[in-house]
Amino acid sequence: MNVRKIRPTSLGQGAGSIGVVFIGAMVIACLLNMTTVASLSELNALMPNTTGGLAQYTLACLGPFPTLISMVGGYLICNIMSSGVEASIFSYAMASTIHLPISSILYTLAMTIVVMIANLYGVDMFAKIQDLVAFLLVGSMLIMGIIGMFGLGTGAMVQQPYSMAADWKEVVSMVAVAFWLFIGAEYVIPVSRNVKNAKRNVPLGMMIGLALICLVQSIMVLGFHNYTPWGELEASAAPHLLYGENLLGSTGKIWMTFVAALAVVSTQNSTVNGLAGICQGMAKMNMMPRIFAKTNKHGVPFFGVIFVSVFIFVFAALSDGSSEAISFLILVGSVFWMISYIFAHLDVLILRHRLPKAPRSFKVPCGPLFPCIGIAGTVYMILNISTDPTERMMIWLVTGITFLVLGIYSFFWIRIKMKMPVFKSVPIQKVMAMENSMYYTIRKRRGLWR
């Protein structure tokens, strides 16, 4: 089971902004993400073994136009951008700890190549790397957090308030930052066909993963309170490194550099594997170039793996490691992802209306309650994405312009390349049939797809 990555930078900036009460924001974000996991699990139960995941669910419910916009904006751009930013933080951490006469970006280049090659060897290699990295990452973060929480570090403890928030609105606004800590649990869905007893283990594993990450990061926040001034934590481009050094001196700095390396491996491994699978599924529906659907001898969509890896490195090279820039990009990325999660909840509600008696091995309890809570909570986070009105408007502006560009691209791709109605949903049977390579061949022979 894929345990989604812990993001030390987002955690440090969130805690540095409002203090220990950031734990409350994390709990709210975790619960909202659990509603999304539940909705995605029901969709997977209704449409099993779909490699494109949310793309195929949305195609069957809302049509190709919302599908392309949400998947390209909410998944591809957002994930590649965020992974690149985190990779640049890794290179900063490595250069700060290991003083060699080389450019810091070379550390990221080496890591990107290793992860890319590993993923090209298939799902088994992915699972081995991810399980090991998740264990080491969570274990290291837990130990460092416990040491700080109980005041067992060798560094000087600091005296500071538990809360830096002026009112509850500041805590609510930080839910969007906390939300970023839990996204991506659904990456296991495209590979769920390889999971034993998937109808039980897939939703259960995603829920447990989210709860575990929330617990570990809450302990880390308590450790921050005892050893790292909130202002320094918020301003730092690598807050985990700052905490490690304040907690255990040079030993702690080296240890947290190791954690940073694990975080990048986890991030890139999850992103490369997950996005390559999603791109493969979309290519099977002719929603992306056909080359993304081709596989190597290990059954891996190799072009997607290489494409995602290359652009992660590009964003890493372009990132300057600025704390302000990182914070802004996190919030922009959160909005993209939130919109795609809203579509997941809508898909559940639509399919329950259209196919109320269709067999489902997993169903979200309490009828439409939890999908509606997920939609309402996510919309509220988008509307309160920042307490700064100027920053909030900039986030909405960047998001709006991006979706406008994607909308224009999607319209012409669907009409010219796919030759389909832009907003007409596709029957589930046809969407699932798209998994078979013969579907594309037949459509192409008939001149329906170019």
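How many helices and strands does the secondary structure of the protein chain comprise?

**Figure 1. Overview of the protein chain in the predicted model.** The secondary structure comes to 17 helices and 0 strands. Of the 450 residues in the chain, 59% are buried. Among contacts with a separation of 6 or more, 81% join residues 24 or more positions apart. The chain exposes about 17,800 Å², and carbon and sulfur atoms supply 70% of this area.

**Figure 2. The aromatic pair of phenylalanine 224 and tyrosine 243.** A pair of aromatic rings is described by the distance of the centres and the angle of the planes. The structure holds 11 aromatic pairs. In the pair shown here, the ring centres of phenylalanine 224 and tyrosine 243 are 4.9 Å apart and the planes stand at 85°; because angles over 60 degrees count as edge-to-face, the pair belongs to that class. Phenylalanine 224 is part of helix α9 (residues 198–227), whereas tyrosine 243 is part of helix α11 (residues 239–284), so the pair ties together parts 19 residues apart in sequence. Both phenylalanine 224 and tyrosine 243 are buried.

**Figure 3. The aromatic pair of tyrosine 409 and tryptophan 413.** The ring centres of tyrosine 409 and tryptophan 413 are 5.9 Å apart, and their planes lie at 35°, so this pair is tilted. Both residues belong to helix α15 (residues 389–418), where they are 4 residues apart, about one turn of the helix. Tyrosine 409 has 36% relative accessibility and therefore counts as partly exposed. Tryptophan 413, with a relative accessible area of 17%, is buried.

**Figure 4. A cluster of phenylalanine rings.** Phe292, Phe303, Phe307 and Phe311 are linked into a cluster by ring pairs.

Notes. Residues are numbered from 1 along each chain as its sequence is written. This is a predicted model: local features need pLDDT of at least 70, side-chain atom pairs count only at pLDDT 80 or more; totals for chains, interfaces and linings use all residues. Side-chain values use heavy atoms; hydrogens and water are left out. Rings of Phe, Tyr and Trp (its six-membered ring) pair if their centres lie within 6.5 Å; planes under 30 degrees apart count as stacked, over 60 as edge-to-face and the rest as tilted. Helices (H or I, at least four residues) and strands (E, at least two) are DSSP runs, numbered from the N terminus. Buried means under 20% relative accessible area, exposed over 50%, partly exposed in between (1.4 Å probe, protein chains only). Contact means heavy atoms within 4.5 Å. Accessible areas come from the Shrake-Rupley method with a 1.4 Å probe; for residues, only the protein chains shown count as cover.
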